[in-house]
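Visitor: I should like to learn how to read the features of a protein model, one at a time. Could we begin with a single residue and proceed to helices and their packing?

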Amino acid sequence: MRRWRFWVIAAVLAVWWWVGLKIGYPPTEEQLLVGLWPVFWTRSLCFGLIIVSFWFWYKIFIEFKLSSLYFYFVLVLSLSPTLFGLFWLHPVESLKWFLFSGIFWLSSRWKRKSLVLPIIFLLAFSFWQNKEKARIWEIYEPTRAKLEVTEKFIREDNLIEKIELPLWWRRISYNKISWMMSSTLKELISFWDLEPWFFQEIHPAGKKALILFYWPGFLLALLGLYSGLQGKKMNYKKMLGYLGCLAFFGYLFSKSDGSLRYSLILPFLAFLIAEALIFLRKSKLYLMIFLLLFFYGYQAFIYDLSNRPDYWLDNRPLVYKYFFETVRNLPGKIQVTDRVANAVLYCQYFLGGRCDANFTLAGFNFKESPPQRDISYAGFEGEFVGPNFKNFFPDNITKRLTDDGFEVVSFRALRDNIANQYGFNLVVAKLK
């Protein structure tokens, strides 16, 4: 790789590292569970795994005689917000990416058997990571299928305007086999959802997701597909087929949510976009236009992430950062909810040795069990006034708690609904 190309990629990755330090986002639960080193060094190790994986991809491109695509491939990968999420927030996914890249490089030497080892690895890693079956296999569990069919019957029977069909016909239409078939079809089709690939920053299901690429990437991917399928580019077509198959199997065998489930689509899309950029080199004007558009998406995302990281990233770490920074100097006993994450890990992270017997780390519900006077409580508003299945609570929760005899120590509104039925607001309070 030419020296200037190296420095371009190094600059892009350095900016991601700078953004990570600037936003100062607390560690994810996954990072705390790994617990090998302080979080900074865990992130550094994951960053190193990503860098080494680029070397694996260089060997892969050499093996397929496609070295001319390599620079643009790595450049496009480096610009992806999802890649940033891998090394900055998700060490297990970084390890998966590293091992996948290495195994694909080793298997690429086998030519006709290039897909065997990576697919076996993806299936094995999925079982190890999730300690249960991958999502696609959950569909075929008889107990779940029976439950889903029964619930569908109950929902329809409770409608005001009932579905007037003979029971025997409904039994033919609604059974475990038909549910499995329809669910499998939905799972297969959902892989091709372009929103998390290029357009949708927040996943339609409401879960946080870093986008894979920016919207200009959609046009480039189409152009790359068109360019690569023209003529006798057999190595290109073979590589594209391999990456497409592995992306598909990686998606099916994953139980992760949001962009993490799509993370192995990154090489497939980056390959298409790299081909498009090579094709556009015939016209430097068009190449510059698309590169500028792509870098515009990159800098716009950097700016937005720097200014409102809670919009893009999971807010659970922020909840515990707020709680433990608020209660660290409170006297007496303290109870902090564990409703949305492992509060013990966060207590040890933020307070270290001060996380002792004075702390109770468990959820509470004062509608069922009244509070004690000698304890300060940190939790969601619904834990103080009782849960609401519509997630609706008084506008002025501090006044409500004051009227109920509490002294509100601190209060904060949360951007997202991460504790359904317990509200958007965080409260630290104790009885007067």
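## Reading burial, helices and contacts

Guide: Let us begin with burial. Leu252 has a relative accessible area of 8% and is therefore buried, since a residue counts as buried under 20%. Leu252 is located in helix 14, which covers residues 234-252. Please note that this is a predicted model.

Visitor: How far apart are Leu252 and Ser190 in sequence and in space?

Guide: Such a pair is read by setting the two separations side by side. Leu252 and Ser190 are 62 residues apart along the sequence, while their C-alpha atoms are 9.9 Å apart. For the protein as a whole, consider contacts between residues at least 6 apart in sequence: 71% of these join residues at least 24 apart.

Visitor: What are the overall proportions of the protein, in secondary structure and in buried residues?

Guide: The secondary structure comprises 21 helices and five strands. Of the 432 residues, 49% are buried.

Visitor: How does the reach of helix 1 relate to the expected value?

Guide: The idea is to set the end-to-end C-alpha distance against the span expected at 1.5 Å a residue. Helix 1, residues 3-23, has 21 residues and reaches 31 Å, close to the expected 30 Å. The same reading applies to helix 16: its 24 residues should span 34 Å, and its end C-alpha atoms are 34 Å apart, so the two values agree.

Visitor: Which residues of helix 1 are buried, and why do they lie on the same side?

Guide: Here one looks at directions around the helix axis. The buried residues of helix 1 are Arg5, Ile9, Val12, Leu13, Trp16, Trp17, Val19, Gly20 and Ile23. Because they cover an arc of only 160 degrees around the axis, they fall on the same side of helix 1. Arg3 and Trp7 are exposed on the other side. Just after helix 1 comes Gly24, with a positive phi of about 55 degrees.

Visitor: Against which helices do the buried residues of helix 1 pack?

Guide: Their partners are helix 3 (39-63), helix 4 (70-78), helix 5 (81-89), helix 16 (284-307) and helix 17 (309-312). Helix 16 may be read in like manner. Its buried residues include Leu287, Phe290, Phe294, Tyr298 and Phe301, with Asp304 also among them. The buried residues of helix 16 pack against helix 1, helix 4, helix 5, helix 13 (216-228), helix 15 (266-280) and helix 17.

Visitor: At what angle do helix 5 and helix 6 pack, and which residues meet there?

Guide: A helix pair is described by an angle, a distance between axes and a handedness. Helix 5 and helix 6, residues 91-108, pack at about 115 degrees with their axes 6 Å apart, and helix 5 passes helix 6 in a left-handed crossing. From helix 5, Leu83, Leu86, Phe87 and Leu89 meet Pro91, Glu93, Ser94 and Trp97 of helix 6. By class, this contact holds six nonpolar, one polar and one charged residues.

Visitor: Is Gly85 buried or exposed, and what does it touch?

Guide: Gly85, found in helix 5, is buried, with a relative accessible area of 2%. Not counting residues up to four places away in sequence, Gly85 touches His90 and Leu210. The C-alpha atoms of Gly85 and Ala209 are 9.5 Å apart, although 124 residues separate them along the chain.

Visitor: What is to be read from the phi of Lys65 and of Gln421?

Guide: Lys65 has a positive phi near 55 degrees, in a residue other than glycine. Lys65 sits in the loop between helix 3 and helix 4 and, at 65% relative accessibility, counts as exposed. Gln421 likewise has a positive phi, near 80 degrees, and is not a glycine. Gln421 belongs to the loop between strand 4 (406-413) and strand 5 (425-431), and its relative accessible area of 33% makes it partly exposed.

Visitor: To close, with which residues is Leu361 in contact?

Guide: Leu361 lies in strand 2, residues 359-361, and counts as buried at 19% relative accessibility. Leaving aside neighbours within four places in sequence, Leu361 is in contact with Phe324, Val336, Asp338, Ala343, Val344, Cys347 and Cys355. The C-alpha atoms of Leu361 and Gln335, 26 residues apart along the chain, are separated by 5.7 Å.

Technical notes. Residues are numbered from 1 along each chain as its sequence is written. This is a predicted model: local features need pLDDT of at least 70, side-chain atom pairs count only at pLDDT 80 or more; totals for chains, interfaces and linings use all residues. Side-chain values use heavy atoms; hydrogens and water are left out. Helices (H or I, at least four residues) and strands (E, at least two) are DSSP runs, numbered from the N terminus. The expected span of a helix is 1.5 Å times one less than its number of residues. Buried means under 20% relative accessible area, exposed over 50%, partly exposed in between (1.4 Å probe, protein chains only). The arc is that of the directions from the helix axis to the C-beta atoms. Contact means heavy atoms within 4.5 Å. Axes are lines fitted to C-alpha atoms, for helices over the stretch in contact, and angles run from 0 to 180 degrees between N-to-C directions. A crossing is left-handed if the near helix is turned anticlockwise from the far one by less than a right angle, and right-handed if clockwise. Ala, Val, Leu, Ile, Met, Phe, Trp, Tyr, Cys and Pro count as nonpolar, Asp, Glu, Lys and Arg as charged, and the others, Gly among them, as polar.
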